[in-house]
Amino acid sequence: GRFSYREESSRSPKNWKKVSTKDNEWQKWDGLKVSNNECESTKQSPINLGKNTECKSDHRMYMKRGDCSLNDISFQITPYSLKGIYAEHCERPSVDLSNSFHDRYASTFELKVPSEHTIKGKQYDAEFYVSHVDNVD
């Protein structure tokens with residue numbers, strides 16, 4: 001499905017609650033059990049990012065490059081981004097985040113123009129988003 005951040009659109013955030021979530025790629029994962037994110041908001045997106053001085057961690061972020069090449073990535077042009085989908089026959093990049101999920105492979109990435117989120121109230125020309133979904137074995 002398509003969505004939009006333009007308030008005048010029928011696909012704007014105010015209408016997202018009307019979107020059917022039945023039979024979508026995300027239903028196999030449990031929802032987050034939080035009432036507020038660290039950006040002091042109850043919405044997932046778009047959010048205004050800022051430094052969180054209350055951040056606690058049990059280790060630094062660990063990243064692995066993997067061995068996928070450009071030929072191992074399927075590219076799609078979506079209504080809102082350029083999306084890359086990693087093949088599963090190569091070792092995908094992975095990340096281990098502190099106090100969060102641990103050691104997950106990158107499944108997809110998206111380049112969004114202009115940026116979806118803001119940093120300290122400023123919107124940027126683009127945003128690169130990586131989705132880490134699958135657990136590393």
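This is a predicted model: local features need pLDDT of at least 70, side-chain atom pairs count only at pLDDT 80 or more; totals for chains, interfaces and linings use all residues.
Thr-108 lies in strand β6, which covers residues 104-112. Is Thr-108 buried or exposed? Thr-108 is buried because its relative accessible area is 12%, and the cut-off for buried is under 20%.

Now show what surrounds Thr-108. Leaving aside residues up to four places away in sequence, Thr-108 touches Lys-83, Gly-84, Ile-85, Tyr-86, Tyr-129, Val-130 and Ser-131.

Next, colour the whole of β6. This strand is mostly covered, with 7 of its 9 residues buried.

Which strands pair with β6? Go through them in turn.

- Select β4, residues 82-86. β4 runs antiparallel to β6, over 4 bridges. Look for Leu-82, which stands opposite Leu-111 of β6.
- Select β5, residues 94-96. β5 is also antiparallel to β6, and 2 bridges link the pair. Here Ser-94 stands opposite Tyr-105 of β6.
- Select β9, residues 127-135. β9 and β6 pair in the antiparallel sense over 8 bridges. Find Phe-109: its bridge partner in β9 is Val-130.

Stay on Val-130. This residue of β9 is also one of the residues that Thr-108 touches. Val-130 is partly exposed, with a relative accessible area of 33%.

Last stop: the surface. Select Leu-70, Phe-75, Ile-77, Leu-82, Leu-111, Val-113, Phe-128 and Val-130 together. They form a nonpolar patch, with about 820 Å² of accessible area between them. Which strands each supply at least two residues of the patch? They are β3, residues 73-77, and β9.

Key: Residues are numbered from 1 along each chain as its sequence is written. Side-chain values use heavy atoms; hydrogens and water are left out. Buried means under 20% relative accessible area, exposed over 50%, partly exposed in between (1.4 Å probe, protein chains only). Contact means heavy atoms within 4.5 Å. Patches are made of residues with over 30% relative accessible area and no salt bridge: like charges are joined within 9 Å, nonpolar side chains (Val, Leu, Ile, Met, Phe, Trp, Tyr) within 5 Å. Accessible areas come from the Shrake-Rupley method with a 1.4 Å probe; for residues, only the protein chains shown count as cover. A salt bridge is a side-chain nitrogen of Lys or Arg within 4 Å of a carboxyl oxygen of Asp or Glu. Two strands pair if DSSP finds at least two bridges between them.
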